[in-house]
Amino acid sequence: MNVKNAAVILNGFVHDFAAGIWLAAIAAIVLIHRMHGGQPTEIVAILNRLEHIFFWTSVVAMVVIMATGAGRTFTYVENWYGPDAEKVRRRMLIIKHLVLFATFGAGYLCVYGMVFH
């Protein structure tokens with residue numbers, strides 16, 4: 001295996017790992033926010049701090065996702081499957097990324113008010 005192939009594989013791993021971290025951070029914010037009810041002010045202050053930590057962790061994960069995603073864009077350029085399949089694959093990638101951008105946006109819309117209230 002050459003260095004380029006190893007870098008492509010590592011880039012893909014980091015991309016997928018960062019996506020998992022992003023989703024876990026968003027889920028953690030929602031779960032932590034639900035713990036606020038009926039808690040003393042001191043506990044709520046700690047929970048709010050945790051929400052902020054997870055929010056900024058998700059932002060860092062998003063930056064890593066975008067950077068490694070750009071890396072994927074430039075490394076998967078060969079026509080592996082033939083011209084017809086390649087057209088379908090590229091169209092599906094565009095659709096997938098539109099859905100993912102909408103998911104990221106919805107995730108941040110959902111948790112922003114929880115974190116910065």
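**Helices and their contacts**

Mentor: We can start with a pair of helices: the crossing of α1 and α3 is left-handed, a term used if the near helix is turned anticlockwise from the far one by less than a right angle, whereas clockwise is right-handed. Helices (H or I, at least four residues) are DSSP runs, numbered from the N terminus. The model is predicted, so that local features need pLDDT of at least 70 and side-chain atom pairs count only at pLDDT 80 or more, while totals for chains, interfaces and linings use all residues. Residues are numbered from 1 along each chain as its sequence is written, and side-chain values use heavy atoms, with hydrogens and water left out.

Trainee: At roughly what angle do the axes of α1 and α3 cross?

Mentor: Axes here are lines fitted to C-alpha atoms, for helices over the stretch in contact, and angles run from 0 to 180 degrees between N-to-C directions. The axes of α1 (residues 3-34) and α3 (residues 83-115) come within 10 Å, and they cross at roughly 30°.

Trainee: Which residues of α3 meet α1?

Mentor: Contact means heavy atoms within 4.5 Å. On the α1 side the residues are Trp22, Ile26, Ile29, Val30 and His33, and in α3 they meet Thr103, Phe104, Gly107, Tyr108, Val111, Met114 and Val115.

Trainee: Why does the end-to-end distance of α3 agree with its number of residues?

Mentor: The expected span of a helix is 1.5 Å times one less than its number of residues. Because α3 has 33 residues, it should span 48 Å, and this agrees with the distance between its end C-alpha atoms, which is 47 Å.

Trainee: Is Tyr108 buried or exposed?

Mentor: Tyr108 lies in helix α3, and, leaving aside neighbours within four places in sequence, it is in contact with Trp22, Ile26, Phe55, Ser58, Val59 and Met62. Buried means under 20% relative accessible area, exposed over 50%, and partly exposed in between (1.4 Å probe, protein chains only). Since its relative accessibility is 18%, Tyr108 counts as buried.

Trainee: Which residues does Ile32 touch, not counting those up to four places away in sequence?

Mentor: Ile32 is found in helix α1 and is buried, with a relative accessible area of 9%. Beyond those sequence neighbours, Ile32 touches Leu47, Leu50, Glu51 and Phe54.

Trainee: Which residues does UniProt list for "transmembrane region"?

Mentor: UniProt positions are given in the numbering used here, feature names are shortened, and annotations may be inferred rather than shown by experiment. In the model, residues 53-74 are 100% helix and 0% strand, and residues 94-115 are also 100% helix and 0% strand. The unreviewed UniProt entry lists residues 12-32, 53-74 and 94-115.

Note on methods. Helices (H or I, at least four residues) and strands (E, at least two) are DSSP runs, numbered from the N terminus.
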